[in-house]
There are 2 protein chains.
Amino acid sequence: MRYAVLGTGEVGRTLGGKLVELGHEVSLGSRTKDNPAAAEWADNTGPGAGHGTFAEAAAFGEVVVNAVGGQVAVTALKAAGVENLTGKVVLDVSNPLAFEDGQVRLSPVESDSVGEQIQRAFPQARVVKSLNTVNCHLMVDPALVPGEHQIFVSGDDQSAKEQVTALLGEFGWPPHRVLDLGGIRTARAAEMYLPLWLTLFQHIGHPEFNVEVRRAH
Amino acid sequence: MRYAVLGTGEVGRTLGGKLVELGHEVSLGSRTKDNPAAAEWADNTGPGAGHGTFAEAAAFGEVVVNAVGGQVAVTALKAAGVENLTGKVVLDVSNPLAFEDGQVRLSPVESDSVGEQIQRAFPQARVVKSLNTVNCHLMVDPALVPGEHQIFVSGDDQSAKEQVTALLGEFGWPPHRVLDLGGIRTARAAEMYLPLWLTLFQHIGHPEFNVEVRRAH
């Protein structure tokens, strides 16, 4: 398949690299056409890896992955162009991290989420929130952490969630470890988990961890 | 030991009942002296179980457990009286649940927490946040759910956290499953987990679940 991965940070490059490794074609999108990180990534990743502006990448992709920060997600997707998103699955892996006075904050928080912001801004896109609850290396290699830990999906479009679930399967998350939280509104819950993730990160000392939901029955 | 458990709802009665079962003496505190739920609980629970006003209960307890809702926690503790809290461990198990227009909200959220509100209001109390991430039946019987799922503690006073960890051990949480998140500020993270808990509750269909933090190493 053809994927647009928007964002040239570690998350975007890691997701893009794994997608190419899986045999997909990827265009890594950024604000400018000549982004050095994107060019270097494409060169090092080899056949199947390209790059371009947000709009070029999104036009290329059959699926669009938002891997820019939550604060700039809607801006980046607007630059990608509504016409390049319409009808497509938009997988949002971002968190609403804001840095204020040396503190990490969430914005939006509780009464809204980045997932919902994107869905509202692009009603014809099929937005799915997922993968934001784990580090990017774990996103594409869940076996790094032992156990039956899970990954969440949120979205209003059931078939889009099924498509993302299939992609998660390619990454190594079998269907029984993909937990469907409900509509895109539940992205709030997944995004509000972030402070606990950050606190656990400090406690554990590295980002290779995840939670396994255990239940009585 | 002598415990004050403030709050006559299901959480308070369940915690109080378990404490009595463990051989402790409990005074279940409420706003009024003649609270029928508290009287019935004391009658049914038998020797070791008493009840009284917030102030009477707090005066009785060597440890004070806040089991009233997060919205009214500081008010209840003010009624309990600063003189009855000074120097004592105050175990806060509440969540900042607010009900608005048929929606569940958190208040405070993100920039504050109930745990911190209590610690600020009673600087001489030794506040520990814990148990708010699981249903009350699981609080006192973690074996209801299989696996090495964990419980969190937050607090500024290390010896208070050790005392709470010992109590958690009596409830069935061994020390290696008690995860110290850090100072009372980390109560924010534990309280912000609640929307995910509520979403998982809807998904799973019952409240007997918890998360196990799995790590690479």
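Predicted model: local features only at pLDDT ≥ 70, side-chain atom pairs only at ≥ 80, totals over all residues.
An unreviewed UniProt entry annotates residues 3-96 of chain A as "domain: Pyrroline-5-carboxylate reductase catalytic N-terminal".

From here we can turn to the place where the two chains meet. The contact involves 38 residues from chain B and 39 residues from chain A. The size of an interface is often given as the accessible area lost when the parts come together. Between chain B and chain A the buried area is about 3,300 Å², and carbon and sulfur atoms give 63% of this area. On the side of chain B, the residues B:Glu110, B:Leu196 and B:Arg214 supply 19% of the area that this chain buries against chain A, which is more than any other three residues.

Charged and polar groups also meet across the interface of chain B and chain A, where there are four salt bridges and 17 residue pairs in polar contact. B:Glu110, already named for its share of the buried area, forms a salt bridge with A:Arg105, in which the closest N and O atoms are 2.7 Å apart.

Which strand gives the largest share of the side of chain B that touches chain A? That share, seven residues, comes from S11(B), and the residues of this side as a whole divide into 19 nonpolar, ten polar and nine charged. Strand S11 of chain A, residues 209-215, pairs with S11(B) in the antiparallel sense over seven bridges, and within this pairing A:Arg214 has B:Asn210 in S11(B) as its bridge partner.

Definitions and conventions. Residues numbered from 1 in each chain as written. Chains lettered and ligands numbered in written order. Heavy atoms only, no water. UniProt positions renumbered as here; feature names shortened; annotations may be inferred. Contact = heavy atoms within 4.5 Å. Buried area = accessible area lost by both parts, 1.4 Å probe. Salt bridge = Lys/Arg side-chain N within 4 Å of Asp/Glu carboxyl O. Polar contact = N/O pair within 3.5 Å; in protein donor to acceptor, adjacent residues only side chain to side chain. Helix = DSSP H or I, 4+ residues; strand = E, 2+ residues; numbered from the N terminus. Nonpolar A, V, L, I, M, F, W, Y, C, P; charged D, E, K, R; others polar. Pairing = 2+ DSSP bridges.
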